[in-house]
Amino acid sequence: MNALLEVLLPGEKDWDLAQAIDPTRLPEHIAIIMDGNGRWAGRRRLPRVAGHQAGIGPVRSTVESCARLGVKVLTLYAFSVENWKRPRHEVETLWRLLRYYLKQELPNLQKNDIRLQAIGRLEALPPQVRRELEAAVDATSANRGLLVNLAINYGGRAEIVDAVNSILEMARLEGSLDSLKIDEELIATSLYTASCPDPDLLIRTSGEMRISNFLLWQIAYAELYVTETLWPDFTRTDLLQAVLAYQKRDRRYGGLSAEPVNGAAKPGAEAFGVPFVGALRPS
Ligand code: FPP
């Protein structure tokens, strides 16, 4: 049984969906491209930033539902390296909303044992935003429940470039540059997400069939789920439907059977437990 059923009454909305979920086959890591805020606002003749503001509620409810379900990692694409191209007012609003979210949600995160991490080129964030983000990451660092990765000023290609540069820098410092051999494990453990299993399920809202430079390395074997729902309308129902769709998929990892052959760990799982490299981590 999952803890979601403890807060639902039989017959209540989402009860059937929550009951249909197999708790032994949950995605360990769900990643979400939260898209459609602008269109949501446009359809209501509101400014784009109203869509971002309305996107806070679904962030809150998705974090809560993932924690109750027993998902281990949730990664949310909050701001890409390309998003700086947007009007200044929109970018500033996104920072304001992030600060608002951190302030409002910190007590809830603590109460529910949720740990916050930030992944991306965080050094480019406005100093005040970065300070508040670091404070929230520090404050939740001892929590052992759901890990929420906020991808901020994040780009999948930038992450791989940063990983390769950190490998080179480390080898230079160790004097082992001449004999350096790069393999998949070394790259995986040098990414911002080094301590996480790869995403099992990647959800994108608003119907767009794109990856948009998100977790390019890590989603090699992720199951993709695209919903027409715009992010501000994304509810617990949508999340449960995505998890149920995931549980119907036959994951073969390039092999033939539904289960990894010979009980082998799924690709990327071996990285779980390795310390973060390059991510904003608790000091
Ligand atoms: C994409 O929609 C969404 C974003 C660029 C920002 C996502 C931000 C939030 C959901 C709110 C704050 C988040 C946190 C974690 C506190 P879009 O603007 O590209 O939509 P469109 O494609 O319809 O224009």
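Which residue in S6 is the bridge partner of Ile203? Select Tyr225, for this residue of S6 is the bridge partner of Ile203. Residues are numbered from 1 along each chain as its sequence is written. The model is a predicted one, in which local features need pLDDT of at least 70 and side-chain atom pairs count only at pLDDT 80 or more, while totals for chains, interfaces and linings use all residues.

**The whole chain**

Display the chain as a cartoon: its secondary structure comes to 9 helices and 6 strands (DSSP runs numbered from the N terminus, H or I of at least four residues for helices and E of at least two for strands). The radius of gyration, taken over C-alpha atoms, is 19 Å, close to the 19 Å that the globule rule (2.2 Å times the number of residues to the power 0.38) gives for 283 residues, so the chain is as compact as a globular protein of that length.

**The sheet**

Next, select the strands. They form an open sheet of 6 strands in the order S3-S4-S2-S1-S5-S6, with parallel pairing (two strands pair if DSSP finds at least two bridges between them). Strand S3 (115–119) and strand S6 (223–226) stand at the edges with a single partner strand each, so one side of each is left without a neighbour in the sheet. Strand S5 (residues 201–204) pairs with S6 in the parallel sense over 4 bridges.

**Strand S1**

Now select residues 29–33, which make up strand S1. Of its 5 residues, 5 are buried (20 or more other C-beta atoms, placed from the backbone, lie within 10 Å of the residue's own). In a regular strand the side chains alternate between the two faces of the sheet. Here His29, Ala31 and Ile33 point one way, and Ile30 and Ile32 the other way.

S1 runs parallel to S2, to which 5 bridges join it; there, Val73 is the bridge partner of His29. S1 also pairs with S5 in the parallel sense, over 4 bridges, and Ile30 stands opposite Leu201 in S5.

**The ligand**

Finally, select the ligand. It is surrounded by 20 residues, the closest being Asn37, Gly38, Arg39, Gly55 and Tyr101 (a residue is near if its C-beta atom, placed from the backbone, lies within 6 Å). Helix H5 (88–111) is one of the elements that supply at least two residues of this shell, and the largest share, 4 residues, comes from H5.

Definitions and conventions: Two residues are in contact if their C-beta atoms, placed from the backbone, lie within 7 Å. Axes are lines fitted to C-alpha atoms, for helices over the stretch in contact, and angles run from 0 to 180 degrees between N-to-C directions. A residue is buried if 20 or more other C-beta atoms lie within 10 Å of its own, exposed if 12 or fewer, and partly exposed in between; C-beta atoms are placed from the backbone.
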